[in-house]
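Let's take a walk through this one together. Have the viewer open and follow along.

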Amino acid sequence: MTFIFELLIAFFLIVSGIFGFVGSFGMIKLKDPMSRLHAPTKATTLGVGGVLLASIAHSVLLEGKLSLHELLITLFLFLTAPITALFIAKWHIHRHEKPSDLPDAGEDELWATHAVEQVEDVPDHSAN
C-alpha cells in the first residue's frame, strides 16, 4: 500500500515540475509583460501547488500526521499571485497605453487606471 502512496506523491512532484518548467520557460520566451503575466501567475502557481499537494499527501499518508503549514502556504500563494498579476497589468497599462488606445470602458466611460484628475501647475516655492 505504501508503494501506491509513493507513486501518488511522485506523480504530484512530476506534474508540479512540469508546470514549474513551463512557467519558467514562459518567462524567458514570451515577449511583452502582458504575455509574461500568465507564466508566474498560472503555471508556476500550479507547480508550487503540486509540491504542496505532494507534501500534504506525504505527511497524511506516510507519516499519519496532518500539517497545516502547507495549507497556509497555499492560502498565501493564492492570495498573492492575483495581486502580483494586477500590479504587472496596471504597470503595463500606465507605461504603454494611452487612454485613447484602450477599448470601450462601458457604462462608466472611464478606465480606473487612467482616472486621474489633471492638476494645475503649482509654483514651486521650495527653492527660496
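This is a predicted model: local features need pLDDT of at least 70, side-chain atom pairs count only at pLDDT 80 or more; totals for chains, interfaces and linings use all residues.

The unreviewed UniProt entry carries the annotation "transmembrane region" for residues 6-28, 40-62 and 68-89. How does the model draw those spans? Residues 6-28 come out as 100% helix and 0% strand, and their end C-alpha atoms lie 33 Å apart. Residues 68-89 are 95% helix and 0% strand, with 32 Å between the end C-alpha atoms.

Now for the packing. Two packed helices are described by the angle between their axes and the distance between the axes. Take helix α1 (residues 2-29) and helix α3 (residues 38-62): their axes come within 7 Å and cross at roughly 165°. Angles over 145 degrees count as roughly antiparallel, so that is how α1 and α3 run relative to each other. The crossing of α1 and α3 is left-handed. And what kinds of residues make up the contact of α1 with α3? There are 18 nonpolar, ten polar and one charged.

Finally, zoom in on His-69, which sits in helix α4 (residues 69-96). Is His-69 buried or exposed? Its relative accessible area is 59%, and the cut-off for exposed is over 50%, so His-69 counts as exposed. The side chain of His-69 also has a partner: a polar contact of 3.1 Å joins it to the side chain of Ser-67.

Technical notes: Residues are numbered from 1 along each chain as its sequence is written. Side-chain values use heavy atoms; hydrogens and water are left out. UniProt positions are given in the numbering used here, feature names are shortened, and annotations may be inferred rather than shown by experiment. Helices (H or I, at least four residues) and strands (E, at least two) are DSSP runs, numbered from the N terminus. Axes are lines fitted to C-alpha atoms, for helices over the stretch in contact, and angles run from 0 to 180 degrees between N-to-C directions. Angles under 35 degrees count as roughly parallel, over 145 as roughly antiparallel, 65 to 115 as roughly perpendicular and the rest as oblique. A crossing is left-handed if the near helix is turned anticlockwise from the far one by less than a right angle, and right-handed if clockwise. Ala, Val, Leu, Ile, Met, Phe, Trp, Tyr, Cys and Pro count as nonpolar, Asp, Glu, Lys and Arg as charged, and the others, Gly among them, as polar. Buried means under 20% relative accessible area, exposed over 50%, partly exposed in between (1.4 Å probe, protein chains only). A polar contact is a pair of N or O atoms within 3.5 Å; within protein, one must be able to donate a hydrogen and the other to accept it, and residues adjacent in sequence count only if both atoms are side-chain atoms.
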